[in-house]
Amino acid sequence: MFKEIIIPIAIFAGLGLVFGIILAVASKIFSVKRDEKAEKIDDVLPHANCGACGYSGCAAYAEAIAKGEAKELNLCTVGGEPVAKHIGEIMGVDVVAKKRYVARVMCSGSNQYSKKKYAYHGTADCLSAARLSGGDKMCPNACIGLGSCVSVCKYHALSVIDGVAVVNPENCVACRACVDICPKNIIQMVPYDSNFWVCCVSAENGPMTREHCDTGCISCRLCVKACEYDAISINDFHATIDYNKCVSCGKCMAVCPRHIIHTKKS
Amino acid sequence: MSISTVLIIMFTAIITENFIFSKFYGCCPFLGVSDKPSTALGMGMAVTFVMTLSNGVTWIIYHALLERFNLEYLKTVAFILVIAALVQFIEMFLRKFVPALYNALGIYLPLITTNCAVLSAALLDVQNEYNFITSICFGFAAALGFTLAIVVFAGVRARLDVADPPKAFKGFPLTLIAAGLLAMAFSGFSGINFS
């Protein structure tokens, strides 16, 4: 009776002990030296694992920095300046934080302005709609407005308002997930500080754009003439602002007959 | 025992008595990590690796230790202990010596410590009175069947993601229905008989 209890207990305790010792020894023998710096940097990083830095995750980026393989130390857009400074302290170098960027959807063609070529009844997903002759709006560079960018954004920075996606710059961390998923390639990165951006990337000429959309750049060059700093140019039939030259005076916005130069304040 | 017995055991484990579709073992990882074919394949590889090894080790433990002391009734406890320790050991070993494989298996390796498919393979060895070689082959084949099921199902789910079902079916309900249909399709193999 006593034997039947004590033997199993002894055997299982022995088994556990043997396995424990084997694992303890193995953890010493097989221990992999992890870089102290990598661990410290990993603690500093925001652990959003968004991939904005170009590495597969925060841990991978930390390891790359510690090994000296990372191109730059300020690639984390989510953490921004404080994280870049922390990493600089750990690595013992000065790091200049990157300018803060936010994503902007370069389309103003909401439902009331843009004309449609057909009525889309399908999966509520831009990627599917884009395969049907590039979406339901006539303009080939129009926002489809089904919100693929909204669903891919981890930071709730995007919303679809009246058929066009809009970015809330306060929530945007510049991870570029929306830029990558947009089938129309109309989401661009704009410096957070710049007050004005041209909210249209129509590559069609003026008359065509006028036919397809009640707003939208017709390349009339009024803004180019109004700009005193030579910051605006017309490329591919739409105006583009050079953010390095722009001083946010707002003169271009005032003259635009199509009201597609947007500002943060509005 | 001939080579044909081994082949029959392996074929049965992969197709006719597939762990997921006919025995319903390991349904948690089957539903949990079948979002993408690539992650499904990673999970399948990890299970194959661990199941093959654990079947060999549990066979030794059972016949060398439990049988000798008439402790067969404690095999479930013993096997869980062995498998958990083994997975830990394998993980450390791989991280040191085969980092490429360690990175490929990644998070899936510790996840399968308590996968019931791994335990059931070890228990079935005992139940079916397999010898050492057939035990290992059975574990390998059962895990291959698991991999087959999870990869096939990941392909199905990729298609379900872009489908536009009624709202009540969206997401998990449709996934479960699809799993049931696949299991039913696999039940078509059950008529195959080698005896």
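These notebook entries record what I looked up in a predicted model.

**Ground rules**

I treat this as a predicted model, where local features need pLDDT of at least 70, side-chain atom pairs count only at pLDDT 80 or more, and totals for chains, interfaces and linings use all residues. Residues are numbered from 1 along each chain as its sequence is written, while chains are lettered from A and ligands numbered from 1 in the order in which they are written.

**Entry: the hairpin in chain A**

I looked up strands β2 (residues 158-161) and β3 (residues 164-167) of chain A. They run antiparallel and are joined by four bridges. Strands here are DSSP runs of E with at least two residues, helices are runs of H or I with at least four, and both are numbered from the N terminus. Two strands pair if DSSP finds at least two bridges between them. I then checked partners. A:Ser159 has A:Val166 of β3(A) as its bridge partner. A:Val160 stands opposite A:Ala165. Two residues lie between the strands of this hairpin, and A:Asp162 takes a positive phi near 55°.

**Entry: α2 against α4 in chain A**

I took helix α2 (residues 36-44) and helix α4 (residues 80-91) next. Their axes come within 10 Å and cross at roughly 165°. Axes are lines fitted to C-alpha atoms, for helices over the stretch in contact, with angles from 0 to 180 degrees between N-to-C directions. The two helices are therefore roughly antiparallel (angle over 145 degrees). The crossing of α2(A) past α4(A) is right-handed, that is, the near helix is turned clockwise from the far one by less than a right angle.

Which residues of α2(A) and α4(A) make the contact? From α2(A) I noted A:Lys37, A:Lys40, A:Ile41 and A:Val44; from α4(A), A:Val83, A:His86, A:Ile87, A:Ile90 and A:Met91. Contact is called when C-beta atoms, placed from the backbone, lie within 7 Å.

I checked A:Arg176. Its phi is near 70°. A:Arg176 sits in the loop between β3 and α7 (177-181) of chain A. It counts as partly exposed because it has 17 C-beta neighbours inside 10 Å; 20 or more would be buried, 12 or fewer exposed.

Phi of B:Phe24 is near 60°. Its place is the loop between α1 (3-16) and α2 (27-32) of chain B. With 14 C-beta neighbours inside 10 Å, B:Phe24 counts as partly exposed.

How values were computed. Parallel < 35°, antiparallel > 145°, perpendicular 65-115°, else oblique. Contact = placed C-beta atoms within 7 Å.
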